[in-house]
Amino acid sequence: MSLITALDSLAFLASFSALVLLITKRTQCRTKFEGKTFIGLLLCLGSIYYFFLIIEWSHISVSFDPIEDVFGALLPMSWGFLFYTLLQDVHRADLRVNKLRYKSLVQNIPGAVYQCTYDQDYTMEFMSDEITDISGYPKTDFIANHVRSFASIIHPEDREHVAKTVSESIAERKLFSLEYRIIHRDGSVQWVYERGRARSTDTSKPIILEGVIMDITQKKTLLEQKQQAEQQIFQLQKMDAIGQLAGGIAHDFNNQLTALLGYADLLAMRLKEKKHELKLLGSMHLSIHHARKLTEQLLAFSRKGKIHHEVVDLHQVVHDVKLIMERSIDKKIDIRTVLSAPVATTMGDPSQIHNMLLNVALNARDAMPDGGEMLFESDEVIFDEMHAKAQKLNIASGTYMCLSVTDTGCGIDAQTIQYIFEPFFTTKEEGKGTGMGLSAAYGTMKSHKGAIAAYSEVGRGTTMKLYFPVTHGVAPKHNNIITNSPHHGKGHVLFVDDNQTVCDVAAMMLAQLGYDVTVFTKPQKAVGFFKDHFHAIQFVIIDMIMPHMNGHELYIALKDIQPDVKVLLASGYTLNGEAQKALDAGVQGFMQKPFTLDQLSSALTHVLA
Amino acid sequence: MVFQNEIVMLLISVSVAVFIYCNRTDIVRIRHYTTLLWAYVFFCIAGLATVLEGFFFPVLLNYSEHISYVISSCFFLSWVCPVCNHEEENPV
């Protein structure tokens with residue numbers, strides 16, 4: 001055998017082996033690549049071709065030239081087809097990978113991917129599975145609008161907005177993004193965010209919209225809660241700021257009223273015989289009294305008023321108020337009580353609570369000019385921390401008595417109800433209301449560690465809910481003490497107030513009551529005087545708020561000089577805070593400005609007793 | 001002596017080579033593509049040698065032709081073996 005025959009035999013053997021291998025492994029090959037047909041063909045051709053070459057070079061006297069030529073030409077062609085089909089395999093593999101990637105992307109996008117025709121119903125061509133989680137309906141329902149169109153589950157109030165935004169974005173060739181509501185399969189309303197664009201704006205073809213729809217219900221709820229919390233904080237801060245302002249004004253105003261009231265009382269004593277002048281003074285007194293009521297309400301709102309702390313029976317207060325209302329209001333209004341709270345006692349100021357409830361009841365009355373029903377209800381409410389927060393009442397957790405006053409009047413709209421606790425806010429006609437009733441009620445409830453809330457529906461009525469922290473105890477019985485005339489006394493009184501007018505009137509009032517008076521506008525000077533004359537001074541009246549040294553500090557200084565000094569605090573401000581500290585430290589009494597001659601006399605009698 | 005069929009075979013081989021060159025970025029993604037390309041290169045060398053042996057070094061080029069066929073067949077076999085035995089579904 002020649003070398004060439006041996007080489008051709010080797011080539012044949014290699015080709016033939018490959019062919020045998022391909023045939024034996026055809027099962028494995030079947031799923032692997034499409035090019036196996038051409039590999040087989042190539043191998044067959046190669047084997048035959050090399051077989052002919054072997055024969056040719058083995059000097060066998062048979063000529064296969066024409067057949068060999070054919071196979072010789074087919075062989076490179078089958079190589080070409082082999083490469084072609086292998087490339088097809090590569091592309092098919094790419095397609096498979098891309099399909100998988102696309103599927104994975106579509107499945108993992110946090111939202112439903114869609115493709116639809118821009119028509120009236122947004123006929124869906126494609127929609128990913130995520131739509132089931134968002135809407136509750138299977139995606140097959142939407143494909144080709146088979147069962148329902150996506151447009152049909154858009155909230156009716158949002159459909160116009162969606163259609164408008166989409167059409168505008170198509171016209172402007174821009175991306176559109178919008179938030180709207182859809183109706184979930186279970187009937188709930190879900191918020192979704194959609195972002196998409198038109199694939200083609202060629203008017204000759206149907207416009208295709210593509211985009212993604214995401215469920216933002218949770219985000220929206222959180223945002224709303226955050227906004228509400230912010231609004232609540234803002235409202236509280238606003239009320240606090242207004243309270244500070246109102247308290248400051250009321251304090252200064254009270255000083256002026258003290259002088260007016262004092263001078264009016266003094267004048268009244270001097271004009272005992274002159275009836276005409278006394279009548280004029282009576283009118284003046286009445287005006288001052290109204291002004292004092294106003295400042296009291298301002299102080300109540302700003303929580304800077306005087307508060308007595310004792311056990312208050314709220315059911316008794318309701319009965320008292322009901323009695324007053326029944327006597328004073330139109331018979332067209334029916335007053336009912338449903339008092340079912342097991343414990344109706346709270347710690348607070350009975351007079352303030354009484355006034356507050358009266359104010360709330362009067363508002364209810366004013367809301368029913370054509371008559372109706374006024375209902376007082378009481379019930380026990382237990383707030384845990386979460387519940388207290390959820391109610392947005394800004395109160396601590398615990399047991400409360402909820403006292404509600406409901407009227408069947410005209411109601412308050414949502415816009416107005418936001419402002420009803422603000423001072424001087426009123427919807428009543430000019431001159432018919434000061435706008436301080438509910439703001440004073442708000443302040444009173446805050447100072448009693450409670451809360452007030454209003455619920456209203458226009459045309460159906462309003463319910464004011466007052467939450468009082470429950471205290472177990474028995475409310476004391478009150479006897480009204482009527483003072484007919486001021487008690488006169490004797491002794492030396494030291495009066496300290498930074499306001500000169502108040503000093504002047506107080507000096508005259510005290511003198512009228514029979515006392516010797518020394519007044520000081522500067523506390524330091526008063527201390528110096530007291531050091532030298534404490535044996536002669538029977539008691540001291542001190543203003544609470546003064547520059548450089550407040551009433552409490554002055555009391556401490558006086559106490560250092562004479563431990564059993566008798567002191568009466570007078571203030572246009574509160575008993576809380578520094579004043580309460582002074583009382584705790586031993587101050588004998590507290591007197592709210594402005595005070596009348598009678599009140600001054602009573603306070604002095606009380607202190608000296 | 002040059003045969004017409006040998007020139008045709010060479011031309012077809014060159015055309016396939018041009019096709020391979022044009023699609024080189026995808027060809028490189030065929031599994032064990034270097035082995036397959038070498039098989040084809042030697043197949044082309046064999047075809048070229050067949051044509052050239054009619055002009056010069058007939059004996060030497062004839063041997064080259066047959067050796068190239070052997071090498072090409074061996075490369076092809078070595079490409080088929082791993083491709084047929086490979087476990088992955090994807091041939092590329």
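These notebook entries record what I looked up in a predicted model with chains A and B.

**Conventions.** I number residues from 1 along each chain as its sequence is written, with chains lettered from A and ligands numbered from 1 in the order in which they are written. For this predicted model, local features need pLDDT of at least 70, side-chain atom pairs count only at pLDDT 80 or more, and totals for chains, interfaces and linings use all residues, while side-chain values use heavy atoms, with hydrogens and water left out.

**Entry 1: chain A overall.** I found 20 helices and 17 strands in chain A; helices are DSSP runs of H or I with at least four residues, strands runs of E with at least two, both numbered from the N terminus. Of its 609 residues, 46% count as buried (buried is under 20% relative accessible area, exposed over 50%, partly exposed in between, with a 1.4 Å probe and protein chains only). Taking contacts in chain A between residues at least 6 apart in sequence, I note that 66% join residues at least 24 apart; contact means heavy atoms within 4.5 Å.

**Entry 2: the interface.** I looked up the contact of the two chains, to which chain A gives 44 residues and chain B 41 residues. The buried area is about 3,600 Å², with 76% from carbon and sulfur atoms (the accessible area, 1.4 Å probe, that two parts lose on being put together, summed over both). Across this interface the rule finds 1 salt bridge, defined as a side-chain nitrogen of Lys or Arg within 4 Å of a carboxyl oxygen of Asp or Glu. A:D94 forms a salt bridge with B:R29, and their closest N and O atoms are 2.0 Å apart. On the side of chain A that touches chain B, α1 (3–24), α2 (26–30), α3 (36–57) and α4 each supply at least two residues. The largest share, 19 residues, comes from α4(A).

**Entry 3: aromatic pairs.** I recorded 24 aromatic pairs over all chains. Rings of Phe, Tyr and Trp (its six-membered ring) pair if their centres lie within 6.5 Å; planes under 30 degrees apart count as stacked, over 60 as edge-to-face and the rest as tilted. A:W79 and A:F83 are stacked, 5.9 Å centre to centre with 25° between the planes. They stand 4 residues apart in helix α4 (residues 65–108) of chain A and so are separated by about one helical turn. A:W79 is buried at 3% relative accessible area, and A:F83 is buried at 0%.

B:W38 is partly exposed at 46%, as is B:F75 at 26%.

Ring pairs also link A:W79, A:F83, B:Y40, B:F43, B:Y69, B:F76 and B:W79 into a cluster.

**Entry 4: charges over rings.** I noted A:K220 over the face of A:W191, 4.4 Å from the ring centre. The charged end of B:R24 sits over the ring of B:Y21, 4.4 Å from its centre. The rule asks for NZ of Lys or CZ of Arg within 6 Å of the ring centre and within 35 degrees of the ring normal.

**Entry 5: A:T406.** I placed A:T406 in strand β10 (residues 398–407) of chain A. A:T406 is buried, at 19% relative accessible area. Beyond neighbours within four places in sequence, A:T406 is in contact with A:E373, A:M374, A:L375, A:E377, A:T462 and A:T463.
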